[in-house]
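Please work through the exercises below with the sequence and the model side by side. Each task is followed by a solution that goes step by step.

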Amino acid sequence: MQTKLSAETTTARQRQREQTRTQILTAAIDCFALAGYEAASLADIANRAGVKKALVQYHFSTKEKLWQSSAHRVWQQRNEAMAKSLASAEEAEPLESMRRGFVALIEFSLEKPQWLWFMFHEAAAGGDRQSWLLEHCMGRDYQMGETFVREFQAHGLIRKGPALHLLHLISGALTYNLLVAPMTLRATGLDLTSREAIDEQVALLQDLLRP
């Protein structure tokens, strides 16, 4: 009986540690995305997570390690969301498969815009964090993106041209509008995040990309 209680206590503690770690990571992702690495402090992150700063340092010994874990978590979430969506599109016709891939990226970016801000902050800052992000998160993005473009070029759905240039044009078209959506709504009354607007923008993008 004592052994069983001890095991249950250990399991409960492990769950609590994992829950606390998740709370801290969630708060850190928000803080780093909003403020950038330099401006985000461990105290701010602890306050947002509802824990003491010492607990943040217990789970993540340094601010840099917390930032790296945060980036890993965001990219993991994005990759899982994209893989799930693309797997469901495997049996679809190429045009529909491409549409689903575009919509999946938009939907994830709406749900988790933090991954975009991670990129933008480090793209502007340069330095060691940018190198780390390229090595551990974004380097593979370029490879997968170019493969995606070439696949649909082979199907005749994307015009000829350097895959990397086309990748950036496509990525910008799918994400920039989300960043300015609140301002666009206020200025024009058009909600770029509505299902109707997303479907129309994706259809227009596919038309523009055709040879």
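This is a predicted model: local features need pLDDT of at least 70, side-chain atom pairs count only at pLDDT 80 or more; totals for chains, interfaces and linings use all residues.

Residues are numbered from 1 along each chain as its sequence is written, and side-chain values use heavy atoms, with hydrogens and water left out.

**Exercise 1. The chain as a whole**

Task: Describe the secondary structure of the chain, and then its extent and its buried share.

Step 1. The secondary structure comes to ten helices and zero strands, where helices (H or I, at least four residues) and strands (E, at least two) are DSSP runs numbered from the N terminus.

Step 2. Along its principal axes, the C-alpha trace of the chain spans about 70 × 45 × 35 Å.

Step 3. Of the 211 residues in the chain, 38% are buried, a word that stands for under 20% relative accessible area, with exposed meaning over 50% and partly exposed in between (1.4 Å probe, protein chains only).

Step 4. Among the contacts with a separation of 6 or more, 65% come from residues 24 or more positions apart, contact being defined as heavy atoms within 4.5 Å.

**Exercise 2. Helix α7**

Task: Find where helix α7 is kinked, and say what covers its buried residues.

Step 1. Helix α7, residues 127–154, has a kink of about 55 degrees centred on E135; the bend at a residue is the angle between axes fitted to the seven residues ending there and the seven starting there.

Step 2. The buried residues of α7 include R129, W132, L133, C137 and M138, and also D141 and F152.

Step 3. The cover over the buried residues of α7 includes α4 (63–88), α5 (94–111), α6 (114–125) and α8 (163–179).

Step 4. After α7 comes G156, and the phi of G156 is positive, near 80 degrees.

**Exercise 3. Residue R210**

Task: Locate R210 and list what R210 is in contact with, leaving aside its neighbours within four places in sequence.

Step 1. R210 lies in the segment after α10 (195–209), and R210 is partly exposed, with a relative accessible area of 29%.

Step 2. Once neighbours within four places in sequence are left aside, R210 is in contact with L95, L157 and R159.

Step 3. Although R210 and R159 are 51 residues apart along the chain, their C-alpha atoms are separated by 5.3 Å.
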